[in-house]
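The sequence and structure are shown first.

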Amino acid sequence: MDVHEAVTTRRAVRAFTAEPVPRQVLERVLATACHAPSGGNLQPWQVYVLTGAALAEVKKRTAERLAAGDPGDEREYPMYPAALGSPYRERRASAAELRYAALGIPRGDARARAGAVAANWDCFGAPAALFCYLDRAMGAPQWADAGMYLQTVMLLLRAEGLHSCPQMAWSVYRETVAEVVAPPGGLVLFCGLSVGHADPGFRAPRTPRAPLTETVTFLE
Ligand SMILES: Cc1cc2nc3c(=O)[nH]c(=O)nc-3n(C[C@H](O)[C@H](O)[C@H](O)COP(=O)(O)O)c2cc1C
């Protein structure tokens, strides 16, 4: 698979089969992904790879919290700016509308929408997940490094015939992840990444992108 195909076939898959992902495949992907660039070569990411009983435990504990109506842990970072201005607010809303429409969830059905959100904490059924932490001392450039790293992982997963879904949602139940992962003090959970084989029934339409003229300016 060439890079172009990896980029264009990567998408946030939100339904996986239970087919396990072999450890050697995950190791191959992560051994290559470490070539992702980072400012000053800090390589600020700290990644935990969970499969089997470890991931099942995180899912189970999180499901218990959800069932108890637990709204989650104190946020360690804002997922979005408090006042999301235009055009970002519209882009976010239209992506959400498309997603819920594909699931057959009507606009006013808050309960069904909450159920779709809750699927995050089952990793959408994925049998493997990465949890990407950063040292608390790191700033915006290092968080950007972590994003480049995760995109590199996601593209390499495509080359293995696998799909993924990056999930800030895991930061909501970060303490439960930490109970199982036991990261050293001083790390912040940035993002989870569900990994697996896409469920053939996952047929959500592609999330559209803004035209190039909205996001890119050429100067000659
Ligand atoms: C850092 C990051 C965090 C994300 N967090 C979530 C999440 O918690 N749950 C989710 O369903 N999708 C999440 N996404 C997926 C985005 O919604 C998705 O990438 C975007 O809508 C574009 O769709 P596409 O990836 O299918 O092209 C996240 C993506 C990124 C890059």
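## Annotation and model

An unreviewed UniProt entry carries the annotation "domain: Nitroreductase", which covers residues 8-197. The model discussed here is predicted.

## Overall fold

The chain contains 8 helices and 4 strands. Their order along the sequence is α-α-β-α-α-α-β-α-β-α-β-α.

The C-alpha trace spans about 55 × 45 × 35 Å along its principal axes. For 220 residues, a compact globule would have a radius of gyration near 17 Å, and the 18 Å of this chain agrees with that. Of the 220 residues, 25% count as buried. When contacts between residues at least 6 apart in sequence are taken, 87% of them join residues at least 24 apart.

## Nonpolar core

In soluble globular proteins, nonpolar side chains tend to be buried together. In this chain, the largest nonpolar core has 39 residues. Ala129, Phe131, Cys132, Leu150, Val153, Leu193 and Val195 have the most contacts inside this core. Two or more core residues come from each of helix H2 (23-33), strand E1 (45-51), strand E2 (128-135), helix H6 (140-159) and strand E4 (187-196). H6 supplies the largest share, 8 residues.

Which residues does Phe131 touch, leaving aside those up to four places away in sequence? They are Tyr48, Leu50, Trp170, Val177, Val181, Leu189 and Gly192.

## Ligand surroundings

The residues around the ligand are Arg11, Ala12, Arg14, Ala95, Asn120, Cys165, Pro166, Gln167, Met168, Ala169, Cys191 and Thr207. By class, this shell divides into 7 nonpolar, 3 polar and 2 charged residues.

Strand E3 (residues 163-167) gives the most to the shell, with 3 residues.

## Asp135 in strand E2

Asp135 is located in strand E2. Is this residue buried, exposed or partly exposed? Asp135 has 14 other C-beta atoms within 10 Å. The cut-offs are 20 or more for buried and 12 or fewer for exposed, so Asp135 is partly exposed.

Not counting residues up to four places away in sequence, Asp135 touches Pro44, Gly186 and Leu187. Pro44 is 91 residues away from Asp135 along the chain, yet their C-alpha atoms are separated by 7.0 Å.

## Backbone details in the loops

The peptide bond from Ser86 to Pro87 is cis, with omega near 10°. Pro87 belongs to the loop between helix H3 (52-67) and helix H4 (88-102).

Cys123 has a positive phi, near 55°, and is a residue other than glycine. Phi of Phe124 is also near 55°, again a positive value in a residue other than glycine. Cys123 sits in the loop between helix H5 (110-118) and E2, and Phe124 is likewise placed in the loop between H5 and E2. Cys123 is buried, because 26 other C-beta atoms lie within 10 Å. Phe124 also counts as buried, with 22 C-beta neighbours inside 10 Å.

How values were computed:
Residues numbered from 1 in each chain as written. Predicted model: local features only at pLDDT ≥ 70, side-chain atom pairs only at ≥ 80, totals over all residues. Near = placed C-beta within 6 Å. Nonpolar A, V, L, I, M, F, W, Y, C, P; charged D, E, K, R; others polar. Core = buried A, V, L, I, M, F, W, Y, C linked by C-beta atoms within 7 Å. Contact = placed C-beta atoms within 7 Å. UniProt positions renumbered as here; feature names shortened; annotations may be inferred. Rg over C-alpha atoms; globule rule 2.2 N^0.38 Å.
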